[in-house]
Amino acid sequence: MSGGSSRFLVCSLAPAVQPIIRVPHYFQGIVQGCHYVYLSLYWDSITDYLPFIAFQLVIAYMTEMLLCWYRGRPWNVGFGPFPIIGSINLLFWFKPEFFYWQVILVIFAYCAKEFIRWDRDGRSTHIFNPSAIALAVAALILLSTERTTMTAGINYVLAYEVPPNFFEFMFIFGLLVQLFFSTTLITFGAVLAFSIIYYGSILALGQPLLFFIFHINVFLGLNLLATDPATSPRSSGGKLLFGLTWGTAIWLCYILLVWLEVPSYFDKILTVPLVNLMVPLFERAGRHAQRLSFRYDRVLHITLYVVLFLLILPKLKTYDYSKGHYLARRIPDIVSPQGWKSLRLHREKKRFCDNYPRACEPWGFVEEFRHYGDFRKPPKQ
């Protein structure tokens, strides 16, 4: 064999690497990064955890590379791991002493994406949102083994309540994602489902079923978890049905988890794989659904969502933790007010909002950042 032929054979057998930059990957990574930055202004644990996130990115790239080469495909190097790792860590942390489980979580997400697939419109694609299926499996294992204390748990969930204008922040950046990727009807459908349940129960029963429309942590999932275009419907009707079903499923899952007296913050995680499996059904129903069709459909969808959010925003920011809701005596206590007040950051926020109430009202960004330096000041004796 000649030297030229030998070199050709070696090159043909060598693993191929192909750089591919896709807008959805780096754009979602930037949006998630902004969420980390805003939360880190109020919760120091975010900054402390950054090296763990960086290590997960390395694991994600390595896993993606090995799976591509194992399947005989070129490794398309880009920003794909960023939205997957970003989603996982915005919703779920194992404590540092159990960090090896976080690594297993990342590897499982990529294996599920690679091996759990179906044909959709004549093309092979993954069934489940990679972040969501990994989180859901981990949540089921932790709940069934009563090991939920291995995670950051309720402290992580409650930390999202501390930034005074996180609802508005998520809304703005969620709109940016929706403008680029046309996922407005998914988020709109879920928010609409929650609103119908909350205000419908007031009309029917004289009081709401629960003391809130939905939690800030759920809103994070509505904007950044199940809106993956690859694992959600493509038709407008299908997207709306997907969102309505997901919002209702989260609400029902929340009630079930509370009734079982287990941590309820897994509600939005456990329900995503279920609606992912129903995507073909939503697509068929969506194609036959009659809808308004004109040139500016996306403008109409975004307008409806913006109007709904603005109408419910004041209620979203004023939780009522009293027992004045219909299910108060039918299910165990969800979270006692004393439990919420015990978190140091919540005490600091209460003091900050008492001193600067305008900063904690809807769209209080200017006042919030004008007085941000006072947030961590120790209270006067």
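A disulfide is a pair of cysteine sulfur atoms within 2.5 Å. By that criterion, the structure holds 1 disulfide. The model examined here is predicted. The bond joins Cys 353 to Cys 360, with the two sulfur atoms 1.9 Å apart. Its torsion about the S-S bond is about -80 degrees, so the disulfide of Cys 353 and Cys 360 is left-handed. Cys 353 is buried, as is Cys 360.

Two further cysteines were examined for accessibility. The cut-off for a buried residue is under 20% relative accessible area. Cys 68 has a relative accessible area of 9%, so Cys 68 is buried. Cys 111 has a relative accessible area of 26% and is therefore partly exposed.

Rolling a probe the size of a water molecule over the atoms shows where empty space is left. The count comes to 7 cavities of 30 Å³ or more. The second largest cavity holds about 90 Å³ of space. Its lining is made up of 13 residues. Leu 91, Phe 92, Gly 153, Tyr 156 and Tyr 265 lie nearest the centre of this second largest cavity. By class, the lining has 9 nonpolar, 3 polar and 1 charged residues.

Two helices, α7 (153-159) and α12 (267-277), each supply at least two residues of the lining of the second largest cavity. Helix α7 gives the largest share, 3 residues.

Helix α12 also contains Asp 267. The relative accessibility of Asp 267 is 4%, so this residue counts as buried. Neighbours within four places in sequence were left aside in listing its contacts. On that basis, Asp 267 is in contact with Val 218, Ile 250, Cys 253, Tyr 254 and Leu 257.

Helix α4 spans residues 81-91 and is mostly covered. Of its 11 residues, 10 are buried. The buried residues of α4 include Pro 81 and Pro 83. Ile 84, Ile 85, Gly 86, Ser 87, Ile 88 and Asn 89 are buried as well. Leu 90 and Leu 91 complete the buried set in α4. Leu 91 is also one of the residues that lie nearest the centre of the second largest cavity.

Terms used:
Residues numbered from 1 in each chain as written. Predicted model: local features only at pLDDT ≥ 70, side-chain atom pairs only at ≥ 80, totals over all residues. Heavy atoms only, no water. 1 Å grid on protein atoms, 1.4 Å probe; cavity = no way out; pocket = protein on both sides within 12 Å on 5 of 7 lines; lining within 4 Å. Points joined across faces, edges and corners; volume = space filled by probe spheres on them. Helix = DSSP H or I, 4+ residues; strand = E, 2+ residues; numbered from the N terminus. Nonpolar A, V, L, I, M, F, W, Y, C, P; charged D, E, K, R; others polar. Buried < 20%, exposed > 50% of the residue type's maximum accessible area, 1.4 Å probe, protein only. Contact = heavy atoms within 4.5 Å.
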